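Okay, thanks for coming, everyone. Let me put the structure up and walk you through a few parts of it.

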Amino acid sequence: MERTRIEALIAELAKKQGSGMYLKDFLLTWEKTDDEIAATFLAADALRALREENVSCRLFDSGLGISLFRDNSTRTRFSYASACNLLGLEVQDLDEGKSQIAHGETVRETANMVSFMADVIGIRDDMYIGKGNTYMREVAEAVEMGHAEGVLEQRPTLVNLQCDIDHPTQSMADMLHLIHHFGGVEKLKGRKIAMTWAYSPSYGKPLSVPQGVIGLMTRFGMEVVLAHPEGYEVMPEVEAVAGKNAERSGGSFERVNSMEEAFAGADIVYPKSWAPFAAMEKRTELYGRGDFDGIKALEKELLAQNAKHTDWECSEELMAGTRGGEALYLHCLPADISGVSCRQGEVAASVFDRYRIPLYKQASYKPYIIAAMILLSKFQDPAAKLKGLLEAGEKRVK
Amino acid sequence: MERTRIEALIAELAKKQGSGMYLKDFLLTWEKTDDEIAATFLAADALRALREENVSCRLFDSGLGISLFRDNSTRTRFSYASACNLLGLEVQDLDEGKSQIAHGETVRETANMVSFMADVIGIRDDMYIGKGNTYMREVAEAVEMGHAEGVLEQRPTLVNLQCDIDHPTQSMADMLHLIHHFGGVEKLKGRKIAMTWAYSPSYGKPLSVPQGVIGLMTRFGMEVVLAHPEGYEVMPEVEAVAGKNAERSGGSFERVNSMEEAFAGADIVYPKSWAPFAAMEKRTELYGRGDFDGIKALEKELLAQNAKHTDWECSEELMAGTRGGEALYLHCLPADISGVSCRQGEVAASVFDRYRIPLYKQASYKPYIIAAMILLSKFQDPAAKLKGLLEAGEKRVK
Amino acid sequence: MERTRIEALIAELAKKQGSGMYLKDFLLTWEKTDDEIAATFLAADALRALREENVSCRLFDSGLGISLFRDNSTRTRFSYASACNLLGLEVQDLDEGKSQIAHGETVRETANMVSFMADVIGIRDDMYIGKGNTYMREVAEAVEMGHAEGVLEQRPTLVNLQCDIDHPTQSMADMLHLIHHFGGVEKLKGRKIAMTWAYSPSYGKPLSVPQGVIGLMTRFGMEVVLAHPEGYEVMPEVEAVAGKNAERSGGSFERVNSMEEAFAGADIVYPKSWAPFAAMEKRTELYGRGDFDGIKALEKELLAQNAKHTDWECSEELMAGTRGGEALYLHCLPADISGVSCRQGEVAASVFDRYRIPLYKQASYKPYIIAAMILLSKFQDPAAKLKGLLEAGEKRVK
């Protein structure tokens, strides 16, 4: 039975995979076509099904997956390491120290020096507006050149593990969770999702989560509402992407300044704190100037600004206003839970507790999404490779 | 010849392995039955014999072994990494930072978030009385629930790499060393082992070594003597376990306050420093209150208290008082060697030097004990799996 | 076609490999015979050809490669990790903390404690004259004894990843690059290579690069010229080795105090900064005494001394004086590039840029050189093993 399901997934993948992902990096979801996004979901589902059937997914007998974290992370490190290990790649961490601002020559050289036997490079660089995604592209360009110049035997492909603009592994995992929860992509058409700001006692949380969500989830015909207090705008370019997506997919995208309005009748809610884009830009400038006093002052401002909106909490009352009072609550974790992780936070403890299991399941898709991104970027016919794994039937656990 | 020996070990293992270790954590040796302890020794011996015959012991084609060290460690890290690597698991380290006090929600969430593709979790948390073993149980409970809730595809099992109460991998390795040294478990009956305190210029060494030793070695009909100056009591609960074990196994357990008395006529001596239980409890409280001045003051007290007992050194004189003057000297390493690593220490240099090779051999059992614990917790019929490895005969080194 | 080439390399390797490298450490190139050096180049080429043909080079199904870095490194870490991964070994890092001065007992014990399941140990210890290579030999001796004493089941072999005397993986990679660039070892006979000092705004760069180069490249009948300002002498013992090598190989070795003179008519130039040997010795003494003020004062002296020779830059003018103005420019990277990484440095930006691709290719040999060193030290008949890999034809990437 399970074998049939896997075969069906692989057959679907074969139709969607196209040729546009091979040796290409996964940097922003809106750089991928609808088929490529669909292929990634199918590959993730197929890999998961194979693993659940104890079929080994090792497509590499050796090879490195470089990890480069310019910001601390436990979960993303584990998701990336899990994905690499599943496919047979060994993670080698590049510990750069504190150098945040890329120097042209150094980036190109370092990228090539570590990539001689690397098949994939996972980078997280989300702290400074205008820097992270840019840096990833520099690295990608460096190894593209290195491969073309005969310096590298293979073209390592990049996976964006979170940048200043997008958080593809997160939004894609969230989306796959929704697809499974509601029983299919078609079941999402017309559903309302509220991507809202929420109060947090810590400042400076990245914008890439709300941006990633509106940048991806507007592609499925949903009614996507972005809500936040005034002053908490996200990048206008990403809002533009969201608007165009919504139009193309027959859904909608709007921005409101009321958490209530966003939650009203919603099928899905995603209340999550973030720092204002303009403030994050300012912080990048201050950092670039080495103005640490300025950064401290800015942080105080941001905390004070946040404190004006402590009412932006995902409460039982707000949840009651969703469709049937039963909207699916999403969070990328960890959440600031009122009374548990902090006095006042993003969500009431009783709400969080009620959704604990679905929240953990939401997170469980991430390693598979990353593995799917790697698979699709490293093989010309990924479906054939998965078919091969199924037929070989090597056991993951003997 | 060697193949016959391996087959015999596997056959013995099949009789002892039972069904009680599958998907169970190894947290305290006294939570395991006599057969389960015996099965662990047999599995360790079988794995060692297989490796010595260059037979690959990889039972996992992929999978992670999470390592979580809340205290520095080189040897234990290497033992755990060696064991995981032997079986085919890749170690992924969870670097928590400095958070010692577990927050309910955070522990459950973190444990699940890192475990999506983890088969085993090795934890070392031995610095704070009442915290370490408790934390391990929280993690175990978290992943047990996660597995039951369908969040985790597999139930990662825990291996205790040292807690505040027990140090199972150490005591089990020590025991296996004794079994091999004396030529069999039956040869240990009636033998006297002196687990004694010894002077060390550093304070705060964990109690889990003496506690682990008396908690395990009283199960084999030996005359176990725990010796220490007054004021250096270990946990009364563990002494109670030791007493009951001794009764059941036809051996004995007593506590004395004289190193001489303990060493007199002993077959085995294990002189090792530790901090008083009561002092370690106080240190935990001070730490919980963030009273770092209090901790510094307590440390000074402990050093002063230690300094009253510099005569508790494993000297040639004391060794001469053992049975035939030839008792086997044990240490978990590293030892404080008088005149070598410190002015005055736990053992005289000439004694330590004489036993160097057996000491290294004692240590060599640890990676195999850990691998055995993993094996027995992850497979319902471990003997069958080892048989399969032997028959497949894949080479570890081509 | 490619298969034929690989078979030819393997056949050549079979003739050169001898029996002298099995279970021997690679600490200094001048401790290896001409055939052993040739075998290492052939093995590196064969491994590279196999990997390029997508043939898996995994000769280990499990096993650890210990890495011990007593000095920071990104490139060498990656080269070593790449080499280990290629062969099937998993890297386990030994993080020692800050202890630089080896204590006899501790070295022997630690080396054995971490080596129970280790097949190779890679060490980088280059900061203190008289310490690094010495430490490596202590570790080698410790595991040699451990293996002989039955403590270790296998004899882990050492690879010198840079010490105070030599940098074998670098000089061997550089040499293999020259062999490929000029079309064969015989094509190097009579060619002039200028190993010159160059100005750098940072002090204290290791001498092991120039020493490694003159210690190896004098074996091939080349005209080797070592050039530096007075006061920047390298170790006299290594100059003696270079002189003897040159005599034996029919080449020459001389030392001059003029960068121009060295560059004139050269086929190959290698301008690279280093600290004076005598100053590095003094720094070791100061460090041994814990005289950090003394170290700071010495550093200031060195920077001032360097600053007198800012004209020692690899300029376009100097390059124009080489043979045909087209000498091959070498650097171990990263280079101090004038106007790019610093105001004034080792090399003009236009020169560096022109040679960027060959420089990256020079670096690309290092992982293969390390893998070759490991291969030759762990197998009695390495050629047979490579032949086996070729015939099995397991794919590295499925």
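**Core, sheet and interface**

So, the largest nonpolar core here has 418 residues, and the ones with the most contacts inside it are A:Leu178, A:Tyr329, B:Leu178, B:Tyr329, C:Leu178 and C:Tyr329. Keep in mind that this is a predicted model.

Let's zoom in on B:Tyr329. Leaving aside residues up to four places away in sequence, B:Tyr329 touches a whole list of residues, among them B:Val269, B:Pro271, B:Cys314, B:Met319, B:Phe352 and B:Leu359.

Over to chain C. Five strands make an open sheet there, ordered E7-E6-E5-E8-E9, with parallel pairing. At the edges sit strand E7 (252-256) and strand E9 (328-329), each pairing on one side only. Further in, strand E5 (residues 192-196) is joined to strand E6 (residues 223-227) by five bridges. One to click on: C:Thr196, whose bridge partner in E6(C) is C:Ala227.

Now, how much area do chain B and chain A bury between them? About 3000 Å², with 53% of it on carbon and sulfur atoms. On the chain B side, B:Asp61, B:Met117 and B:Glu153 lose the most area to chain A, together 23% of what that side buries. Counting residues, the contact takes 30 from chain B and 34 from chain A.

And the polar side of that interface? The rule finds five salt bridges across it, plus 17 residue pairs in polar contact. As for which chain B element gives the most to the side touching chain A, that's H4(B), with five residues. One salt bridge to look at is B:Glu149 with A:Arg356, at 2.6 Å, N to O.

Methods: Residues numbered from 1 in each chain as written. Chains lettered and ligands numbered in written order. Predicted model: local features only at pLDDT ≥ 70, side-chain atom pairs only at ≥ 80, totals over all residues. Heavy atoms only, no water. Core = buried A, V, L, I, M, F, W, Y, C linked by side-chain atoms within 4.5 Å. Buried < 20%, exposed > 50% of the residue type's maximum accessible area, 1.4 Å probe, protein only. Contact = heavy atoms within 4.5 Å. Pairing = 2+ DSSP bridges. Helix = DSSP H or I, 4+ residues; strand = E, 2+ residues; numbered from the N terminus. Buried area = accessible area lost by both parts, 1.4 Å probe. Salt bridge = Lys/Arg side-chain N within 4 Å of Asp/Glu carboxyl O. Polar contact = N/O pair within 3.5 Å; in protein donor to acceptor, adjacent residues only side chain to side chain.
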